[in-house]
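The following exercises concern a single protein structure. Please examine the sequence and the structure before reading the solutions.

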Amino acid sequence: MSPYVIALDMGGTSMKAALLGPAPEHRPLYEARRETPREAGPEAAVEAVLSFAAELRAYGVERFGTEPAAAGVAVPGVLDGEKGVAVFAANLGWRNVPLRALLRERLRGTLPVALGHDVRAGGLAEGRLGAGRGVDRFLFVSVGTGIAGALGIDGRVEPGAHGSAGEIGHIVVRPGPDGPPCGCGARGCLETLSSASALGRAWASACGDPAATAADAATAVESGDPRAAAVWRDAVGALADGLVTGLSLLDPRALIIGGGLAEAGDTLLVPLREAVRERVTFQHVPTIVPADLGDAAGCLGAGLLAWDLLSAEDASR
């Protein structure tokens, strides 16, 4: 078997890629990044991922003298993993893109290709290589531009019956006509109130700077700005409401918080832990910890999906 697989995380703003070595370390043997040409349209975004994968293959063949064993690609949105189709990815403008078939064609036609959801891939990596290592049940929640989750069970991530498990960002936490409208069509979804983008908008409105971001809000909280404290408190409260619903349904042993907002560290985690404790009744409060792998998690998870695909193929022979 070749000593590496192609791993690629297709984000709305950037693509993270690696050539990932085998178990048990799954060490990145090469890493690279590219900007996602989102403004150029969906066709350009498809071509970008295909070209990037081909570059990675060429580099691997030159460096190791052998073809990659497989490729794994993580993308946002709604997937049909069995068919290898990106059904819908709003950030990329994709609808029904036959990504697996296109990748196999670009990568010389015979390479096995695994396709996965970006957050579930990140959760898989955190479970095996990061903050969830050794934990039998965990809930990984990525709080970034949107909010999504992944349920880890004994070293794997539960995809759900239709490949869309973990959409915790679309739990309605502020129901009714006053809830902010969400892109999914509902109102008051968690990600409309507690995502980094939502928090950034709220802070921009409160401080009067239209360019203000969630990171700016965190800095203002740390400096003692009462306006920022109020915005932060509302977002953390809504996040805790959504997470407690997740605890009620899933009963995880650990809750792993990732995504861009997690970079705020204790500014987020200390009040979040307290808000969760205040809201639970019968639920067990899990250990609430930051993710370990940062924005590399999705890429590493894509590589793990590729290695898992190879293991499944070997087992079926």
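Which residue just after helix 6 takes a positive phi? Gly-224 does, with a phi of about 90°.

The model is predicted: local features need pLDDT of at least 70 and side-chain atom pairs count only at pLDDT 80 or more, whereas totals for chains, interfaces and linings use all residues. Residues are numbered from 1 along each chain as its sequence is written, and side-chain values use heavy atoms, with hydrogens and water left out.

**Exercise 1.** Describe the two faces of helix 6 and its N-terminal end.

Step 1. Helix 6 spans residues 214-222; helices are DSSP runs of H or I with at least four residues, numbered from the N terminus.

Step 2. Its buried residues are Ala-214, Ala-217, Ala-218 and Ala-220. Buried means under 20% relative accessible area, exposed over 50%, and partly exposed in between (1.4 Å probe, protein chains only).

Step 3. Viewed down the helix axis, these buried residues fall within an arc of 165°, so they line one face of helix 6. The arc is taken over the directions from the helix axis to the C-beta atoms.

Step 4. Ala-215 and Glu-222 are exposed on the face turned away from the buried side.

**Exercise 2.** Identify the helices against which the buried residues of helix 6 pack.

Solution. These residues pack against helix 5 (196-207), helix 7 (226-250) and helix 8 (266-279).

Note on methods. Contact = heavy atoms within 4.5 Å. Polar contact = N/O pair within 3.5 Å; in protein donor to acceptor, adjacent residues only side chain to side chain.
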